[in-house]
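Please look over the sequence and the structure below before reading on, and keep both in view while you follow the text.

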There are 2 protein chains.
Amino acid sequence: MHSLQFTEQSSSNGVVEREFTVGDIPGALWSPASSPPAASVWSPASVWPPASDRSPASGRSPVSGADRAPLVLMGHGGGTHKKWPGMVGRAERLVRDGGFHVALIDAPGHGGRPRTAHDEQEIAALYAARSAGGGQRAAGEPEGPVVVRYNLHLAERAVPEWQTTLDALQALPEIGTDGPVGYFGLNMGTAIGVPLTAAEPRISAAVFGMFWPDPLAETAKQITVPVEYVLQWDDEHIPRESGLALFDAFASQEKTLHANAGRHKDVPRFEADSAVRFFVRHMGGGTAAS
Amino acid sequence: MHSLQFTEQSSSNGVVEREFTVGDIPGALWSPASSPPAASVWSPASVWPPASDRSPASGRSPVSGADRAPLVLMGHGGGTHKKWPGMVGRAERLVRDGGFHVALIDAPGHGGRPRTAHDEQEIAALYAARSAGGGQRAAGEPEGPVVVRYNLHLAERAVPEWQTTLDALQALPEIGTDGPVGYFGLNMGTAIGVPLTAAEPRISAAVFGMFWPDPLAETAKQITVPVEYVLQWDDEHIPRESGLALFDAFASQEKTLHANAGRHKDVPRFEADSAVRFFVRHMGGGTAAS
């Protein structure tokens with residue numbers, strides 16, 4: 001098993017950001033700067049671990065797990081990376097408003113990671129589909145089939161990387177093996193997150209969104225943990241019926257669809273806050289440290 | 001114009017509840033007990049009027065409007081009334097967490113209000129449809145067509161009553177004519193609220209949900225204010241496609257669908273909190289008192 005090596009650390013506004021590697025996988029971990037975590041905007045009582053476990057009287061030490069907080073894994077979208085501004089913003093909200101640890105890793109072929117010949121070929125195919133589509137994207141070869149094919153290929157490489165990374169993260173005393181784990185990723189983050197969540201019993205709640213159902217829906221049928229699913233009602237890439245079909249496929253008893261008017265890139269910022277509340281609801285209360 | 005007469009007043013946990021009549025329409029008004037309103041769980045700066053307008057230095061007096069807060073009109077569901085526990089709970093959340101005034105009136109034929117011969121006939125038809133449907137509700141005559149027909153009839157009587165009530169509410173110094181007005185109602189509250197919002201330019205944001213699109217969708221096409229729409233993904237009365245069709249009909253540029261797994265009566269409690277945030281977003285900032 002690869003252990004996690006921290007390479008850089010910085011801190012601002014109550015959030016500590018640490019870059020790390022696990023073998024050749026580069027990642028970043030955002031954590032509350034102080035313990036107990038910054039007060040939640042909901043109820044402090046709903047933040048895990050319970051306040052009573054975080055009091056000085058309970059003997060706080062990194063090794064005892066008294067500083068522990070639940071972990072959210074976050075998957076970035078296609079063409080971006082672990083430090084993409086939109087990702088960092090969401091990570092910081094999860095830390096500040098939910099008291100969570102948040103981890104991102106660069107997907108295969110993304111960030112500074114090497115590309116295979118297959119990566120180069122698929123990226124070229126994607127650009128070709130885009131320029132064939134022209135400004136309107138409606139005519140010509142659509143990029144959807146290339147995105148689906150390439151993202152699902154990347155998921156096959158990314159799922160074992162996430163599992164190795166999760167092993168290493170849970171070996172950190174401030175995370176540990178007994179706390180809840182969530183997953184949050186849209187677009188390619190959903191293409192990777194759905195098979196990861198289906199394969200990984202440690203993940204107990206997930207926020208997904210904006211991907212095509214075929215063939216991902218077959219994997220979604222194996223998922224039973226609570227799911228929040230985000231889609232754009234006027235998405236110019238993913239037909240509305242396709243988005244609804246993927247949401248419908250999840251076997252989860254608790255699942256919520258958030259559909260907002262607007263095009264693919266217009267997901268409202270308040271959905272990031274909604275994701276924080278979702279994780280607080282499903283990972284914040286009840287699940288005490290052992 | 002009928003003026004508003006208060007008949008009873010009580011107060012608990014920071015919320016003042018006053019029952020009132022406007023002519024023969026009975027209603028209830030929930031308001032923040034103190035001014036400035038209880039701190040919002042989001043940003044106090046997002047509560048209308050701006051904090052600067054509520055400071056003692058600005059010369060607070062009921063007549064000057066310095067105590068004013070935005071108003072949310074709330075419509076109850078079929079067979080219930082203005083003091084139904086679920087309605088009171090939502091009203092209190094809007095007051096405590098959003099700093100709003102909240103008004104409910106009994107719909108025609110509901111609460112203690114007299115029923116016409118037509119009311120009695122339609123209620124009998126509804127019970128007949130239910131018992132014909134049996135325990136499963138799938139077989140036999142469905143109740144949907146009766147609910148649609150009767151609720152839309154009630155809406156024709158209720159819309160002018162709401163407009164008269166809104167006139168009277170805006171004559172109160174703590175509400176006034178220049179603040180934003182929202183509408184929140186599911187089921188029959190949507191059957192009444194959609195034509196009310198289409199007819200009433202004073203309403204600037206609305207939360208609707210769980211009604212049939214035919215013929216309500218034609219009216220929804222006239223609505224352009226921000227809308228949050230709630231539906232149940234496994235509603236045993238309203239087919240999924242019907243719920244989606246009504247959401248689709250709103251002409252609003254800003255609209256959000258919240259669809260939750262579960263049957264008709266299983267709307268999660270967190271949707272009430274979401275409605276508070278929706279009204280804070282759309283009525284809380286920017287709109288200063290004149």
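This is a predicted model: local features need pLDDT of at least 70, side-chain atom pairs count only at pLDDT 80 or more; totals for chains, interfaces and linings use all residues.

The paragraphs that follow go from the contact between two chains to the inside of each chain.

The size of an interface is often given as the accessible area that is lost when the parts come together. Here the area buried between chain B and chain A comes to about 1,600 Å², and carbon and sulfur atoms give 55% of that area. Three residues, B:W233, B:A261 and B:F270, supply 28% of what chain B buries against chain A, which is more than any other three residues supply.

Two salt bridges are found between chain B and chain A, and one of them joins the side chains of A:D248 and B:R240, with nitrogen and oxygen 3.0 Å apart. The interface also holds 11 residue pairs in polar contact, counting pairs in which both residues have a pLDDT of 80 or more.

What does β9(B) pair with in chain A, and in which direction do the two strands run? Strand β9 of chain A, residues 255-260, is joined to β9(B) by five bridges, and the two strands run antiparallel. Within this pairing, A:L257 stands opposite B:A259.

Strand β1 of chain A (residues 4-12) and strand β2 of chain A (residues 15-22) run antiparallel and are joined by eight bridges, with A:S12 standing opposite A:V15. Two residues lie between the strands of this hairpin, in which A:N13 takes a positive phi near 50 degrees. In chain B, B:E8 is found in strand β1, residues 4-12. Although B:E8 and B:E19 are 11 residues apart along the chain, their C-alpha atoms are separated by 5.1 Å. Leaving aside residues up to four places away in sequence, B:E8 touches B:E17, B:R18 and B:E19.

Over all chains, the structure holds 20 aromatic pairs. In the pair of B:Y183 and B:F208 the ring centres are 6.0 Å apart and the planes stand at 40 degrees, so this pair is tilted. Because B:Y183 lies in strand β6 (residues 181-185) of chain B and B:F208 in strand β7 (residues 203-209) of chain B, the pair ties together parts that are 25 residues apart in sequence.

The last stop is the backbone itself. Most residues other than glycine have a negative phi, and most peptide bonds are trans. Against that background, A:N187, which is not a glycine, has a positive phi of about 55 degrees, and A:N187 is found in the loop between β6 (181-185) and α5 (188-199) of chain A. The peptide bond from A:D214 to A:P215 is cis, with omega near 10 degrees, and A:P215 sits in the loop between β7 (203-209) and α6 (216-220) of chain A. In chain B, a cis peptide bond joins B:D214 and B:P215, with omega about 5 degrees, and B:P215 is found in the loop between β7 and α6 (216-220) of chain B.

Notes: Residues are numbered from 1 along each chain as its sequence is written. Chains are lettered from A and ligands numbered from 1 in the order in which they are written. Side-chain values use heavy atoms; hydrogens and water are left out. Buried area is the accessible area (1.4 Å probe) that two parts lose on being put together, summed over both. A salt bridge is a side-chain nitrogen of Lys or Arg within 4 Å of a carboxyl oxygen of Asp or Glu. A polar contact is a pair of N or O atoms within 3.5 Å; within protein, one must be able to donate a hydrogen and the other to accept it, and residues adjacent in sequence count only if both atoms are side-chain atoms. Two strands pair if DSSP finds at least two bridges between them. Helices (H or I, at least four residues) and strands (E, at least two) are DSSP runs, numbered from the N terminus. Rings of Phe, Tyr and Trp (its six-membered ring) pair if their centres lie within 6.5 Å; planes under 30 degrees apart count as stacked, over 60 as edge-to-face and the rest as tilted. Contact means heavy atoms within 4.5 Å.
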